[in-house]
Amino acid sequence: MNKFAPVFDTVARPSTLARHGGVSARRPGVTRRYDIAYLDGDSPAFRQVIAPSLPAFEAAFSAFGRGLLLSTPNGPCAIEDLQPGMQVETVEHGFQTVQWIGSMQIIPNVPADRPELSRLVRIMADRFGIGRPVVDTILGPGARVLRGQGPDAAYVPVQDLVDGDGVFQLTPPSPTRVFHVVLPQHATIVTSGLPTESFHPGPHRAELLGPEMLRLFLSLFPHLINLSGFGPMAHRRTDDAQLLQSHIY
């Protein structure tokens, strides 16, 4: 049985954002179900968790659509077939062992403060050059794509690449499952020929979440003790300054 067999989440209707200590937050009752798979010693472990339906939490689960191909030592592997302990190819560090896989359902047309977080992005084959991507590729709202080279390289939110000419935003017709991946080192994963970011909470997550919400956030990553376990970031992000300025987590 697929460890991420589709389930229908029940998500409470979001309230308007309220201010608490200068940080925007939804009421605690707005939650969703997250599925996690992680390395417990040398063996995969699986868990379902109910946690806040907040952008900072959902970003850890919503980068890759079903069918997206990752390069492994044994050939391409669809994201839904990936398991902790398998290796995937990265641009910076070669093959890295998958430590953690997060998954959640995107449910279309649920009332939300940020409706763009319920939309996917389709990138047509060869849009950014031959084999980039190799096939039409679906990315989730938490995805970032590496653009540029050398010191100018940066991770760009996939929504910023939408142009109506080979990169399209779409609302799924029915609930659809999305995924994200944590590696021993933050890196750029080769996904269907596209250089995409492995999950990292970012450099300012602790100050944006606050201590209580941070503890809850870290509970989603049983293989880590604290944020430093994610290590340094491989490249900068184009939207980090915007996130810090807006105080939206």
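This is a short chat about one predicted protein model.

Colleague: What is the mean pLDDT of the protein?
Modeller: It is a predicted model, and the mean pLDDT of the protein is 85. Of its residues, 82% reach 70 or more.

Colleague: Where is the pLDDT below 50?
Modeller: Residues 1–28 are one such stretch. Beyond near neighbours in sequence, that stretch still has 68 contacts in the model. Over residues 244–249, pLDDT also stays under 50. There the model has 22 contacts beyond four places in sequence.

Colleague: OK, the overall build. How many helices and strands are there in the protein?
Modeller: Four helices and 19 strands.

Colleague: And what share of the residues count as buried?
Modeller: 48% of the 249 residues.

Colleague: What about contacts with a separation of 6 or more: what percentage comes from residues 24 or more positions apart?
Modeller: Such pairs account for 64% of those contacts.

Colleague: Let's switch to the second largest pocket. What is its volume?
Modeller: The second largest pocket has a volume of about 220 Å³.

Colleague: How many residues line it, and which lie nearest its centre?
Modeller: The lining has 13 residues. Nearest the centre are Val91, Arg132, Leu146, Gly148 and Pro195.

Colleague: Which strands each supply at least two residues of that lining?
Modeller: Strand E13, residues 144–147, and strand E18, residues 194–197.

Colleague: What is the lining like by class?
Modeller: Six residues are nonpolar, four are polar and three are charged.

Colleague: Back to Arg132. Is the peptide bond from Arg132 to Pro133 cis or trans?
Modeller: That bond is cis, with omega near -5 degrees. Most peptide bonds are trans.

Colleague: Where is Pro133 found?
Modeller: In the loop between strand E11 (120–123) and strand E12 (137–139). Asp126 lies in the loop between E11 and E12 too.

Colleague: What is the phi of Asp126?
Modeller: It is positive, about 65 degrees, although Asp126 is not a glycine. Most residues other than glycine have a negative phi.

Colleague: Why does Asp126 count as partly exposed?
Modeller: Because its relative accessible area is 39%.

Colleague: What about Ser192: is its phi positive or negative?
Modeller: Positive, at about 50 degrees, and Ser192 is not a glycine either. Its place is in the loop between strand E17 (188–191) and E18.

Colleague: Is Ser192 buried or exposed?
Modeller: Buried, because its relative accessible area is 5%. The cut-off for buried is under 20%.

Colleague: How far apart are the C-alpha atoms of Ser71 and Ser192?
Modeller: They are separated by 7.7 Å. Along the chain, Ser71 and Ser192 are 121 residues apart.

Colleague: Where is Ser71, then?
Modeller: Ser71 is in strand E6, residues 69–72. With a relative accessible area of 21%, Ser71 is partly exposed.

Colleague: Which residues does Ser71 touch, not counting those up to four places away in sequence?
Modeller: Gln87, Val88, Glu89, Phe95 and Val190.

Colleague: Last one, Arg32. Is Arg32 buried or exposed?
Modeller: Arg32 counts as buried, because its relative accessibility is 7%. Arg32 lies in strand E3, residues 31–40.

Colleague: What joins the side chains of Arg32 and Glu58?
Modeller: A polar contact of 3.2 Å.

How values were computed
Residues numbered from 1 in each chain as written. Predicted model: local features only at pLDDT ≥ 70, side-chain atom pairs only at ≥ 80, totals over all residues. Heavy atoms only, no water. 1 Å grid on protein atoms, 1.4 Å probe; cavity = no way out; pocket = protein on both sides within 12 Å on 5 of 7 lines; lining within 4 Å. Points joined across faces, edges and corners; volume = space filled by probe spheres on them. Nonpolar A, V, L, I, M, F, W, Y, C, P; charged D, E, K, R; others polar. pLDDT = per-residue confidence, 0-100. Contact = heavy atoms within 4.5 Å. Buried < 20%, exposed > 50% of the residue type's maximum accessible area, 1.4 Å probe, protein only. Polar contact = N/O pair within 3.5 Å; in protein donor to acceptor, adjacent residues only side chain to side chain.
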